[in-house]
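Work through the exercises below with the model open beside you. Try each task before you read its solution.

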Number of protein chains: 2
Amino acid sequence: MTLGAAAHDVNVLRVRRMAIDTYQEFVIYMRRDCPVCASEGWNSQVRVHVANRGRTIVATLNVVGGELLASDEAGLSDAAWLALAAQDGDRARFSPSPPLDSFRRVRGKVYGARLDAEALSAIMKDITAGSYSPIHLSAFVTACAGGRLDLEETIALTRAMVSVGDQITWPKVPILDKHCVGGLPGNRTSMLVVPIVAACGAIVPKTSSRAITSPAGTADAMEVVAPVVLDLPAMRRVVEREGGCIVWGGSVRLSPADDLLIRVERPLDLDSEGQLVASVLSKKVAAGATHVLIDMPVGATAKVRSGEAARDLSRRLIDVGRAMDLAVQVVESDGSQPVGRGIGPALEARDVLAVLRQESDAPIDLCDRALLLAAQLLELGHTVPAGSGLDAARSVLASGSAWRKFAAICEAQGGFREPRQARYTLPIAAPRSGTVVAIDNRRLARIAKLTGAPVAPSAGLDFRSPLGSVIEAGQTLFTLHAESLGQLAYAKAYVAAGPPAVLLGSPDVAIDSAVSGQ
Amino acid sequence: MTLGAAAHDVNVLRVRRMAIDTYQEFVIYMRRDCPVCASEGWNSQVRVHVANRGRTIVATLNVVGGELLASDEAGLSDAAWLALAAQDGDRARFSPSPPLDSFRRVRGKVYGARLDAEALSAIMKDITAGSYSPIHLSAFVTACAGGRLDLEETIALTRAMVSVGDQITWPKVPILDKHCVGGLPGNRTSMLVVPIVAACGAIVPKTSSRAITSPAGTADAMEVVAPVVLDLPAMRRVVEREGGCIVWGGSVRLSPADDLLIRVERPLDLDSEGQLVASVLSKKVAAGATHVLIDMPVGATAKVRSGEAARDLSRRLIDVGRAMDLAVQVVESDGSQPVGRGIGPALEARDVLAVLRQESDAPIDLCDRALLLAAQLLELGHTVPAGSGLDAARSVLASGSAWRKFAAICEAQGGFREPRQARYTLPIAAPRSGTVVAIDNRRLARIAKLTGAPVAPSAGLDFRSPLGSVIEAGQTLFTLHAESLGQLAYAKAYVAAGPPAVLLGSPDVAIDSAVSGQ
């Protein structure tokens, strides 16, 4: 019997793009009666190794009925199609997935063992190769959450995350960078800090993320005014010419394991301290940064909710940074309310432009935060002498050189464009008079997402009732912006139904509720 | 503006069965340009609430290209189609998924909080409703593994698992049941214990599982000789007539949350003590059992690997049983090697029939284990006086009344049939002479699964080299059985490539390896 040959021949199928977007998960589709399923005895949910054009992935099998595929065809989800560089007519090879050895270490962690550098390196390699299913990723994230990664493990995880991706080197130091821990709507300071510090002569190659759980990431807001999807050589050209850039990190493959972990951290809303630190710092190390300033808004409805939590997280960021030869400085900032007025990509970009162009109605709070961060970053990187950062930052903003630098960066990235206004708007009015005593950032972010942000770039909300504002009945608290009536309706219904995002108090009643928008 | 009406109308789509088997996961497919996606701003991986014919599910969205669906259609995976009782032309309603409140408690558990009865009840309800995605299920399983469920939590979990499913009540007590913790190939004693104790006059309504990670579950082996998919009234009729049954537990919806948890426990290979106990006992309580005997094979390559682990698990089973008014007795048994000769549904059924029919070559070890378990179960349930169980069991086996009872149960379940022999067989020969000194149960199970078991019922292996056997070079260690040449080839290649499943030693060399099948 020549069994080997028989087994070999039946494991090849023509591939077809199913045009099914499974997010980043690799899924393959096969008929139960196709030669591969029949000979392997495979069922749905089996993990399958797929080889095509010298590339390999591990994918989850979905068995399909006869209408979707021919019996000599296998369907690929969009992510699998791209990862295998597949083209129509390709014949891919399917075989049982090899055992996921590194997952034994995750299992060990569940049972209380520590993860050493070797284990974390193997786990990050397998995750980056796409060998972890969402179920495996979720178990890894859960096993590390709840403070279960100590300092040494966090350092090893950061190193492992750096090593599985690209790394940028720059011909000179220092290389400055900034990061915001997030959770505060409208806190779009990177688009100001980068041109300010670059205008002062520093090098600041900023890569930014798109929104994960928020109505806008810096990459989303920046994309409103300039292209952000640049490959590494293009990004390098921009930085060499202008000293800075603001590009989407996803296109330069820095710390790619992080992007895959986020896919489960988001639905789980589990964001462990250790993984947060490794996520932030691995991207900075991979980008070649030497000095990193971290903006950490603290507030009851921000991501970091207490001063104690902020200090713990700061210490971990600084300690892990030191182990990675990265000077880290953390600035705790006020996280009690949105920054500026716009919440959503285009509305936030509008605020940024107003500050850079020094328009008379530019949001002062956004301007002040950006100047403070730029000043500290300039001093941290020794671009200017200690104590002179704020003067330097103010000076380039006032002279217009920060705006010219921003415009030049946009041009270098592919061309500047003005933000567009949304098609539909709806003001939400205060049902009665009072003073604004509290703001629920999470609820405002949720409302902005319901209007369509960040997928609809001009959607979001224009916030007009900061803490301490004295509001008359009927006055606008914020205005909804949307690109479709359906989304406007959903956001409006959500505003009307739930607890108020903006709390109004009066001299008599300390805190009272403002249901609005009816 | 009448925004409310606009939002309402666009959220209904015609449903279509996509004929995609996503295992138990609910997946819906929509075009990006369909009115629902467009108005909601949904992307792939969003969790969506779907209502149809008075039923509701929460499903994961996959966005698809234009060819698969019309723009007013939504596709449903097989599991979603069945759960919604959908029919062609139905118009289902799609809305954003409500927040998964119970998952907050899972998050709390990750951060070290305890799970109380209320939390576990809410979690089990949401899991049973299908509201937990595989990512959420994985996080729950991981958060509870590693000994993180204490006695009280395990009791509460067991109660919660019982309460979300059907519960059977019987007109009289005692109701006997048995369970095997598993991990030992060929240990098919339930198919013997049930007819023996029923022949002695006891009531034993046995529900069994299909294979999860093994080459055969009791339901798979029983299905070779009789139908096992019976609904609750049919199962009740069998038990009322014959005193016992052996049916598939999946068709009677006892502890349905367990079936969903297994879907992630299997790929993770994470099976925490607390969840194992709750899984086993919730099914027994739901089936109305009052006295349960648990067979716990202990061995280096069995599920329970040490005497200490066995005692811990026994104590937990007995303590939780007591809280549920269930008398639990645990029998530790030898887990060092397979029981009987067959591994795989039909081959195991063949061994069972040989014992019942008292054929001269019936496997003695399988017979002895079954008699011992039947004896203890008879005494535990006070069907016979203490000390007389073994005599009673032996007597009904020798008289043929156990065989007649088994045949009658099969007839009552829908009719008896003889097992079928596999189309292809391949003996695996010892490469040299020696004595069998060790057996790797896990490797034997893997080989049997590669031959196609349990999906191919007659596939598996016939094991002929128990511990202590004196083997000549060229003698058959075991024979592969398969229904396809491809599967036979895979199993053969796996045998040849890896470490030996059967270790041969000689007087000179204590343990030596036997690579075979080349």
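Two strands pair if DSSP finds at least two bridges between them. Keep that rule at hand, and remember that this is a predicted model.

**Exercise 1. Find the bridge partner of Gly434(B) in β17(B), then describe the sheet around this pair.**

Step 1. Start with the residue. Gly434(B) has Ile471(B) as its bridge partner in β17(B).

Step 2. Move up to the strands. Strand β15 of chain B covers residues 434-439, and two bridges join β15(B) to β17(B). The two strands run antiparallel. Two bridges are enough, because strands pair if DSSP finds at least two between them.

Step 3. Place the strands in their sheet. In chain B the order is β17-β15-β19, an open sheet of three strands with antiparallel pairing. β17 (470-471) and β19 (502-505) of chain B each have a single partner strand, so they stand at the edges and one side of each lacks a neighbour in the sheet.

**Exercise 2. Describe the sheet with the order β17-β15-β19 in chain A.**

Step 1. Read the pairing. This is an open sheet of three strands, paired antiparallel.

Step 2. Find the edges. They are β17 (470-471) and β19 (502-505) of chain A; each has a single partner strand, so one side of each is left without a neighbour in the sheet.

Step 3. Check one pairing. β15 (residues 434-439) of chain A meets β17(A) over two bridges, in the antiparallel sense. Within β17(A), Val470(A) is the bridge partner of Thr435(A).

**Exercise 3. Which strands of chain A does β1(A) pair with, and in which sense: parallel or antiparallel?**

Step 1. Recall the background. Strands of a sheet pair through backbone hydrogen bonds, either parallel or antiparallel.

Step 2. Take β7. Strand β1 (residues 12-17) of chain A is joined to strand β7 (residues 91-96) of chain A by three bridges, and these strands run antiparallel. Val12(A) has Arg93(A) as its bridge partner in β7(A).

Step 3. Take β6. Four bridges join β1(A) to strand β6 (residues 73-76) of chain A, and here the strands run parallel. Val15(A) stands opposite Ala74(A) in β6(A).

**Exercise 4. Characterise the interface of chain A and chain B.**

Step 1. Count the residues. Chain A gives 60 residues to the contact, and chain B gives 60 residues.

Step 2. Give the area. The two chains bury about 4,900 Å² between them, with 62% of it on carbon and sulfur atoms.

Step 3. List the polar links. The interface holds 20 residue pairs in polar contact, counting residues at pLDDT 80 or more. The side of chain A that touches chain B has 31 nonpolar, 18 polar and 11 charged residues.

Step 4. Strand β5 (residues 55-64) of chain A and strand β2 (residues 20-21) of chain B run antiparallel and are joined by two bridges. Ile20(B) in β2(B) is the bridge partner of Val64(A).

**Exercise 5. What separates Arg322(A) and Asp319(A) along helix α13 of chain A?**

Step 1. State the link. The two side chains form a salt bridge, with the closest N and O atoms 3.4 Å apart.

Step 2. Look at the helix. Arg322(A) and Asp319(A) are three residues apart in α13 (residues 307-323) of chain A, so about one helical turn separates them.

Step 3. Over all chains the count comes to 55 salt bridges.

**Exercise 6. Locate backbone exceptions.**

Step 1. Know the rule. Most residues other than glycine have a negative phi, and most peptide bonds are trans.

Step 2. Examine the prolines. The peptide bond from Val173(A) to Pro174(A) is cis, with omega near -5 degrees. Pro174(A) sits in the loop between α7 (151-163) and β8 (176-180) of chain A. In chain B, a cis peptide bond joins Val173(B) and Pro174(B), with omega about 0 degrees.

Step 3. Examine phi. Ser255(A) is not a glycine, yet its phi is positive, about 50 degrees. Ser255(A) lies in the loop between β10 (244-248) and α11 (256-268) of chain A.

Note on methods
Residues are numbered from 1 along each chain as its sequence is written. Chains are lettered from A and ligands numbered from 1 in the order in which they are written. This is a predicted model: local features need pLDDT of at least 70, side-chain atom pairs count only at pLDDT 80 or more; totals for chains, interfaces and linings use all residues. Side-chain values use heavy atoms; hydrogens and water are left out. Contact means heavy atoms within 4.5 Å. Buried area is the accessible area (1.4 Å probe) that two parts lose on being put together, summed over both. A polar contact is a pair of N or O atoms within 3.5 Å; within protein, one must be able to donate a hydrogen and the other to accept it, and residues adjacent in sequence count only if both atoms are side-chain atoms. Ala, Val, Leu, Ile, Met, Phe, Trp, Tyr, Cys and Pro count as nonpolar, Asp, Glu, Lys and Arg as charged, and the others, Gly among them, as polar. A salt bridge is a side-chain nitrogen of Lys or Arg within 4 Å of a carboxyl oxygen of Asp or Glu.
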